[in-house]
4 protein chains.
Amino acid sequence: MLRVAVIGAGRIGKVHAAAVAAHPQARLVAVCDPIGTGAADLAAIYEAKAYAEAADLFADSDVDAVIIGSPTPLHAQQVLAAARAGKAVLVEKPVAGDVDEARALEAELATFEHPPVMVGFQRRYDPSIRRAKALADAGELGTIEQVTIVARDPGPPPAEYVAASGGLFKDMTIHDFDEARFFIGDIVEVSAFGQNVLPELAETGDFDAAMVLLRGAGGAVATITNNRRCVTGYDQRLEVHGSLGSAVMDNWRETTLSVNTRDASGVRQPYLDFFLERYAAAYSNELSAFIDAINSGTEVSPTVADGVAALLVAQAAEESARTGRTVRLDIGGTPDYGG
Amino acid sequence: MLRVAVIGAGRIGKVHAAAVAAHPQARLVAVCDPIGTGAADLAAIYEAKAYAEAADLFADSDVDAVIIGSPTPLHAQQVLAAARAGKAVLVEKPVAGDVDEARALEAELATFEHPPVMVGFQRRYDPSIRRAKALADAGELGTIEQVTIVARDPGPPPAEYVAASGGLFKDMTIHDFDEARFFIGDIVEVSAFGQNVLPELAETGDFDAAMVLLRGAGGAVATITNNRRCVTGYDQRLEVHGSLGSAVMDNWRETTLSVNTRDASGVRQPYLDFFLERYAAAYSNELSAFIDAINSGTEVSPTVADGVAALLVAQAAEESARTGRTVRLDIGGTPDYGG
Amino acid sequence: MLRVAVIGAGRIGKVHAAAVAAHPQARLVAVCDPIGTGAADLAAIYEAKAYAEAADLFADSDVDAVIIGSPTPLHAQQVLAAARAGKAVLVEKPVAGDVDEARALEAELATFEHPPVMVGFQRRYDPSIRRAKALADAGELGTIEQVTIVARDPGPPPAEYVAASGGLFKDMTIHDFDEARFFIGDIVEVSAFGQNVLPELAETGDFDAAMVLLRGAGGAVATITNNRRCVTGYDQRLEVHGSLGSAVMDNWRETTLSVNTRDASGVRQPYLDFFLERYAAAYSNELSAFIDAINSGTEVSPTVADGVAALLVAQAAEESARTGRTVRLDIGGTPDYGG
Amino acid sequence: MLRVAVIGAGRIGKVHAAAVAAHPQARLVAVCDPIGTGAADLAAIYEAKAYAEAADLFADSDVDAVIIGSPTPLHAQQVLAAARAGKAVLVEKPVAGDVDEARALEAELATFEHPPVMVGFQRRYDPSIRRAKALADAGELGTIEQVTIVARDPGPPPAEYVAASGGLFKDMTIHDFDEARFFIGDIVEVSAFGQNVLPELAETGDFDAAMVLLRGAGGAVATITNNRRCVTGYDQRLEVHGSLGSAVMDNWRETTLSVNTRDASGVRQPYLDFFLERYAAAYSNELSAFIDAINSGTEVSPTVADGVAALLVAQAAEESARTGRTVRLDIGGTPDYGG
């Protein structure tokens with residue numbers, strides 16, 4: 001049984017705590033959160049230890065692995081401290097607050113031996129996305145040419161959250177950037193149109209919707225459509241189009257029921273709402289992959305390098321949306337602004 | 001160009017007249033209807049002759065073929081007269097008012113040479129049903145085991161129509177009986193539950209809804225669900241289940257648009273309403289098959305024998321629904337009431 | 001925490017054991033199975049006690065409730081013994097081996113005070129079926145007129161299982177009979193066509209497929225289509241048609257992915273296979289309802305009376321399929337064979 | 001009866017000729033094509049006159065209206081000549097070979113009185129797209145925020161056609177540009193990524209696939225995805241997402257049949273292929289709108305100004321794809337290259 005601790009007793013921390021508790025190969029042994037009774041409350045549910053200080057947690061020899069769901073600015077330093085303490089790490093996205101910090105983390109981690117460090121792009125473990133990837137890898141879709149990703153949240157987070165989020169591209173689109181990379185590889189060109197559609201977020205200075213074009217190193221292109229608000233629920237779709245076929249991921253509903261009336265036919269419920277429901281299987285599979293990587297030495301995916309790459313694309317998208325220019329990315333990493 | 005006349009200037013007569021007028025290999029030359037200005041009005045649209053008497057029409061040497069859409073009690077005698085006059089005939093369902101009359105017609109037609117006589121079960125020419133049949137015949141579904149037919153009208157005809165219709169099974173289900181025979185062959189056993197769900201038809205003495213079980217000579221079984229009222233439109237579905245797979249026919253809508261809102265997702269329009277819209281392609285294909293049978297000697301389908309067989313099943317269903325017994329049919333045709 | 005024991009360490013017993021272990025308000029305390037190491041093996045996983053004798057289990061004061069997943073012939077006596085011992089009971093379908101035994105059980109249970117006894121028709125707790133029921137109860141579909149149930153297993157059980165199963169109608173269709181009763185109430189008329197489509201079951205003397213017509217006391221009718229073999233997976237569908245609309249339950253697939261190629265579009269995976277996957281949520285919800293009934297005195301559904309009623313319909317269906325007659329059921333319970 | 005002539009006896013000319021011949025308010029009176037026996041052959045089918053010279057056609061007083069389906073370089077001059085001759089004009093897209101020529105045409109047409117001139121963006125008359133537009137205009141989707149258009153041809157035209165086509169954006173995407181304008185209004189910003197995925201078109205110097213971002217004057221954005229090759233057929237989809245909901249247009253198939261087998265479920269046929277099949281209703285509705293504009297003075301849509309605007313966006317997309325810059329458009333029309 002892998003002994004796992006969770007840092008952060010907020011929404012995502014609770015998801016991970018529950019996933020660990022339910023997993024046959026893991027046991028939740030500790031929860032860490034500096035604020036109020038968060039750690040204690042969450043720990044109590046699972047009869048785990050509660051910590052206020054991450055340092056104390058890292059010093060706990062009863063902990064084999066930590067799942068980091070703390071605020072983004074803490075990610076890089078906690079990953080590093082945990083790795084130095086010999087803990088395996090699963091860190092929520094983004095891996096760090098910006099590209100420089102992420103690269104510094106990546107460089108530092110390369111200087112010493114440590115257990116696996118995995119980044120929490122859980123979509124790679126969603127059964128539908130995995131099946132699309134498997135079909136693509138098996139060549140059943142031919143050469144991948146065009147990818148379409150739609151990701152809309154049911155409703156916006158509070159303005160304070162948005163203001164501190166690092167921006168739409170790092171906070172929300174980062175999942176889509178990793179998903180696009182999953183299918184079309186390294187991104188070499190980015191063009192983004194930001195939008196402001198929600199009055200309640202107007203003061204944040206951040207975009208609340210966007211459409212993005214990406215070009216992969218191999219020539220495939222992708223569009224991403226984001227919106228902080230989709231009244232029908234959490235809108236999560238993917239289309240992978242290749243020379244021999246395409247794979248299309250639809251939204252989930254709670255039931256398969258459709259209703260027919262005088263006015264309409266085929267009426268289904270709104271989409272599953274929100275990511276905890278939609279990606280429940282993904283979080284569970286992600287945890288299994290993390291445990292396998294620790295126990296069996298299977299490959300970690302996504303890696304810290306993937307986390308860096310996604311941040312790089314996010315930064316380029318922000319740049320493009322602000323300047324109205326297409327941004328080119330040297331795969332090595334140096335952005336080369338077009339024109 | 002085949003010179004075609006239409007008997008009956010009512011709803012179905014107008015459908016056939018328009019189909020003939022639009023067909024590249026046919027020309028509408030005459031319309032016959034004894035009531036009011038029906039024949040003249042319809043004929044005027046297509047610059048055709050108008051007749052009040054069918055006998056006069058049959059005597060017209062400019063007519064190669066007649067499509068009979070007159071009231072059911074006239075079908076058998078008009079088919080016979082037309083065939084004797086050397087006209088090809090496409091007669092609307094049912095081929096006659098009852099089994100005895102239909103059999104007498106069939107026997108009489110066997111006594112002399114005449115052009116093709118075809119019965120208007122147009123569903124056999126619907127692209128979806130044809131494709132299901134083609135898949136079944138090609139063996140792609142394996143051995144056919146179970147067929148499910150749903151046929152619901154958007155709303156009931158007037159009570160007077162129903163009272164004179166010969167009953168639900170002969171008037172409405174007759175299409176489903178032929179459709180079932182199309183997939184599972186001759187029917188040997190029938191059990192029917194009639195229903196009365198519409199107050200406005202309560203005085204007619206007829207059922208306005210029904211569920212029927214059929215067993216084919218080869219062992220496959222079918223259910224038919226009928227209802228004179230389906231608020232979402234004309235509900236026409238089919239499922240053919242075999243040992244290797246199944247084929248399922250869904251309803252058509254006017255567009256492919258679906259709408260997603262706060263309350264619902266995937267909202268489509270009601271089903272196409274009514275048979276003229278739903279079976280537009282079927283009527284056109286039926287006419288082409290009729291013309292081919294005349295011009296090229298291709299096989300007629302459905303035949304008068306098919307019309308007789310459907311009536312026989314309808315009669316058995318009525319008997320079953322009235323007596324509460326399963327009715328067995330000798331394929332030769334003599335009903336043998338179970339028990 | 002409710003202390004629950006499971007009788008029967010077979011397939012369904014394992015389902016219930018896992019559901020209990022995962023339920024936040026229940027704890028698996030014992031497993032009982034007389035054969036080999038079944039009880040011990042299953043108990044070991046959950047650190048529960050193992051019993052070979054049900055009597056010993058019923059005498060265990062650490063057990064609050066038992067879930068009976070033993071062979072059908074043992075159901076009635078174990079339900080009675082457990083109830084007498086003051087245990088709450090959730091018994092798998094059918095509640096007894098035949099109608100007489102089930103009625104005797106029902107009568108006996110009425111003679112003394114005991115905790116809730118619930119029958120395991122888990123479909124009543126499936127989210128899709130529940131939603132259809134909720135829509136129907138809320139009047140959104142109007143007066144329910146016609147119900148269509150399709151239930152096909154992916155493949156047949158071994159011939160030995162079938163031979164000892166009590167017959168298709170009691171073993172498999174019994175779920176559909178309860179489902180039909182859920183929507184159209186007490187059944188007053190039954191007509192069934194049995195089929196034999198599987199050579200490997202030909203020697204069992206049992207039907208391996210069937211189509212059934214049911215009429216409810218209120219006038220609504222239902223068809224049930226069963227097949228021991230559906231190559232595409234576990235085919236579980238429902239359609240509830242009323243005067244104002246209909247609700248249609250489709251099958252589930254593992255993902256929402258559809259694939260488009262040169263030959264086809266919209267290609268989805270086979271249906272979820274088998275009932276453990278398809279009805280996972282139903283089993284979990286059923287357990288919650290059972291626990292609520294025990295803890296909070298909420299109504300038990302389905303009751304032993306529901307179990308008796310379903311058996312009565314099963315018996316009538318068998319009679320109808322064997323004799324070719326429609327069987328009428330006095331709601332009070334005395335079958336009155338038609339004709 | 002409107003007397004209509006068709007210029008161009010190629011693929012699109014034949015479509016229009018057939019539509020005119022079938023229309024109850026129009027009659028095909030002449031066909032014009034300078035090459036070989038094209039005009040004569042097509043005219044013979046409909047018993048119409050054949051012309052080799054457009055000038056002769058324009059001089060024919062028996063012609064009320066002309067539909068121009070000639071090569072693009074001839075469009076502007078023929079539109080002008082027809083209008084000067086007092087004929088109503090429906091001209092295929094693009095309205096002219098480039099923006100300058102189109103603007104000159106627009107300016108010249110403004111100098112004299114003439115019957116309606118309409119541009120053949122037939123999608124505005126597709127029932128699904130019209131319904132999406134009606135929903136949007138009725139406010140049922142709220143404020144339109146994001147539009148997604150996918151348009152993929154089943155396979156590429158010959159390399160010679162592509163080389164002379166004026167480029168992907170003017171030849172193919174032009175329809176999508178008009179469709180985007182239909183929903184989000186005047187375009188003010190364009191970013192395009194061109195692709196080369198088809199070896200057989202590599203020598204043409206043209207893109208054979210593209211993804212485009214557009215921003216409308218009101219702030220809504222759109223993506224367009226084009227590909228000269230989609231193996232599943234003619235892939236024509238649209239999604240209009242607003243603050244209150246979204247409307248999604250799926251592809252059509254020839255039948256509603258879906259097939260379930262051991263390997264897959266829900267298997268449908270490939271998409272309708274190609275535009276003649278997919279947009280049959282659109283061409284018919286477009287002709288009706290043209291006739292109505294002539295007969296009843298209803299508004300022409302799309303106008304020559306719409307044709308100019310679509311060309312302007314196409315030119316900007318080409319510029320963006322070639323330079324890697326986002327191109328801004330002054331709504332008045334002067335392009336202002338970003339950066």
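Biologist: Which residues of chain A form one aromatic cluster?

Modeller: This is a predicted model, and in it A:Y234, A:F274, A:F275 and A:Y279 form such a cluster.

Biologist: How should I describe a single pair of rings?

Modeller: In general, two values describe a pair of aromatic rings, namely the distance of the centres and the angle of the planes. Over all chains the count comes to 26 aromatic pairs. In one of them, the ring centres of A:F274 and A:F275 lie 4.9 Å apart with the planes at 70°, so this pair is edge-to-face, and both A:F274 and A:F275 are buried. The rings of C:Y234 and C:F274 also make an edge-to-face pair, because their planes stand at 85°, with the centres 4.9 Å apart.

Biologist: Where in chain C do C:Y234 and C:F274 sit?

Modeller: C:Y234 belongs to the loop between β10 (221-227) and β11 (235-242), whereas C:F274 belongs to the loop between β13 (257-261) and α9 (275-278), so that the pair links parts of the chain that are 40 residues apart.

Biologist: Why does C:Y234 count as buried?

Modeller: The cut-off is under 20% relative accessible area, and C:Y234 counts as buried because its relative accessibility is 6%. C:F274, with a relative accessible area of 18%, is buried as well.

Biologist: Which charged residue lies over the face of B:F182?

Modeller: That is B:K133, at 4.9 Å from the ring centre; in chain C, C:K133 lies over the face of C:F182, again at 4.9 Å.

Biologist: How many residues does the largest nonpolar core have?

Modeller: The general idea is that nonpolar side chains tend to be buried together in soluble globular proteins. Here the largest core has 168 residues, and among those with the most contacts inside it are C:F169, C:L214, D:F169 and D:F177. A second, separate core of 167 residues includes A:L135, A:I187, B:I129 and B:A132.

Biologist: What rotation superposes chain D on chain A?

Modeller: A rotation of 180° with 0.0 Å of shift along its axis does so, giving an RMSD of 0.1 Å, and the two copies are thus related as by a two-fold rotation axis. Within chain D, the C-alpha nearest that axis belongs to D:R325, 2.7 Å away. The same surface serves both copies, since 100% of the contact residues of chain D recur in chain A.

Note on methods: Residues are numbered from 1 along each chain as its sequence is written. Chains are lettered from A and ligands numbered from 1 in the order in which they are written. This is a predicted model: local features need pLDDT of at least 70, side-chain atom pairs count only at pLDDT 80 or more; totals for chains, interfaces and linings use all residues. Side-chain values use heavy atoms; hydrogens and water are left out. A nonpolar core is a set of buried Ala, Val, Leu, Ile, Met, Phe, Trp, Tyr and Cys residues joined through side-chain atoms within 4.5 Å. Buried means under 20% relative accessible area, exposed over 50%, partly exposed in between (1.4 Å probe, protein chains only). Copies are superposed by least squares on the C-alpha atoms of residues with pLDDT of at least 70 in both. Contact means heavy atoms within 4.5 Å. Rings of Phe, Tyr and Trp (its six-membered ring) pair if their centres lie within 6.5 Å; planes under 30 degrees apart count as stacked, over 60 as edge-to-face and the rest as tilted. Helices (H or I, at least four residues) and strands (E, at least two) are DSSP runs, numbered from the N terminus. A charge sits over a ring if NZ of Lys or CZ of Arg is within 6 Å of the ring centre and within 35 degrees of the ring normal.
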